[in-house]
Amino acid sequence: MKKSLLTAALVAGFAATAAQAETSVTLYGVLDGGVQYQKFKGQNAAGDSVSRDLTGMADGINSGNRWGLKGSEDLGNGLKAVFQLESGFNLGTGESGQSGRLFGRQATVGLQSDVWGQLDFGRQTNIASKYFADVASPFGVVFGQANIGSAFSAAGNHRLDNMIMYQTPKFAGFQFGLGYSFNADGGQTPDNANGENPNTRSWTTGLRYGNGPIAAALTYDQAKDADARGGVSMKAWALAASYDFEVVKLHLGGGQTRNGWFASNSSLNNATGLNFGAGANYRLGSLSFNDGLKVNSYTVGLSAPIGSNSTIMANWMMSDPSNEGTRQWGNDKQNVYSIGYTYNLSKRTNFYALGSYANGVNFQDELKATQVVAGIRHRF
């Protein structure tokens, strides 16, 4: 009897171990805070004089503050069920980010195969943010005003609701991705009485390559406004390449946005509390449509290691509107010049500093912005 009980206990133990090996759930997060100085000076789109200084706590500059859960279950034959839930928040106030969404940074469930790639359902960043941003700039989608989204509106951590996304495995360094959102922001709504679709639908696609010191990315995004609001199609394409010479890494990028602006950098838009324009027609916020707008964007960046624990980064970005569109957002060139530094205090904790200056902010002549930040980031 005792032997039978011992055998049963061992079998149960092995079964539990096997189940744990097949399923994994990870809790993770980032805490990022420091001090900053920001200054805006010049004239906004309404012709009002602007002069505002802000000195205080910095929040989520090196990385957006977040906590999350991700996991997988082995279904056999190289197939896994995967999920990720990621919640953004403000470190200074404890409030949820991404317009108060509980899992505003990401909420996806899907299938992953070593052979066929990955299919995800739910809210997540678009392909340009995943493929283009880190190739085009050493600052990628983070570092406040230096964020690549200051010049390339579809690439600065642009998130889409109600999305189905497919990404291939990497073949000889290449990877392809394609996503479609049934409504880019908020819940889906049935067609109205006239048979018009009231949802803002969006496509995102791209191809990237990485092999040794070489990386490249080509992306395309399109968002179609609701039929009842005119059905304007906003489009953006972007191309980037980088080469790591070991002593220094070079980043280059270029692209064009038409008929609107996908998502502006919060360090340069109305989130600062400044009235950059006369009402919503001038707001460069998430998915702002402006029929006829045409903006050419360019970026050049460098990053270099200093010893084994630190890196220095520098970048220039320009957004050049050749047509200000029917909403007349402005036609001044926006230039952003940034320099940054990171130092690893441990594997999970680092110090960072950033200095950034911009003129022609949001295409407004003589409107300037300055941001200086120092902080600490901890990952768990």
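Modeller: K39 is partly exposed, with a relative accessible area of 24%; here buried means under 20% relative accessible area, exposed means over 50%, and partly exposed lies in between, with a 1.4 Å probe and protein chains only. D53 is also partly exposed, at 45%. The side chains of K39 and D53 meet in a salt bridge, with N and O 3.0 Å apart; the term denotes a side-chain nitrogen of Lys or Arg within 4 Å of a carboxyl oxygen of Asp or Glu. This pair links distant parts of the chain, since K39 belongs to strand β1 (residues 23–43) and D53 to strand β2 (residues 49–59), 14 residues apart. Helices (H or I, at least four residues) and strands (E, at least two) are DSSP runs, numbered from the N terminus.

Two notes on the source apply throughout. This is a predicted model, in which local features need pLDDT of at least 70 and side-chain atom pairs count only at pLDDT 80 or more, while totals for chains, interfaces and linings use all residues. Residues are numbered from 1 along each chain as its sequence is written, and side-chain values use heavy atoms, with hydrogens and water left out.

The structure holds ten salt bridges. One of them joins the side chains of D185 and R101, at 2.8 Å from N to O. D185 lies in the loop between β8 and β9 (201–211), and R101 in the loop between β4 (79–88) and β5 (106–113), so the pair ties together parts that are 84 residues apart in sequence. R101 has 23% relative accessibility and therefore counts as partly exposed.

A further salt bridge is formed by D161 and R123, whose closest N and O atoms are 2.5 Å apart. Here too distant parts of the chain are linked: D161 is in strand β7 (residues 159–167) and R123 in strand β6 (residues 117–125), 38 residues apart. D161 is buried because its relative accessible area is 7%, and R123, at 12% relative accessibility, likewise counts as buried.

These last two pairs belong together, for R101, R123, D161 and D185 are linked in a network of salt bridges.
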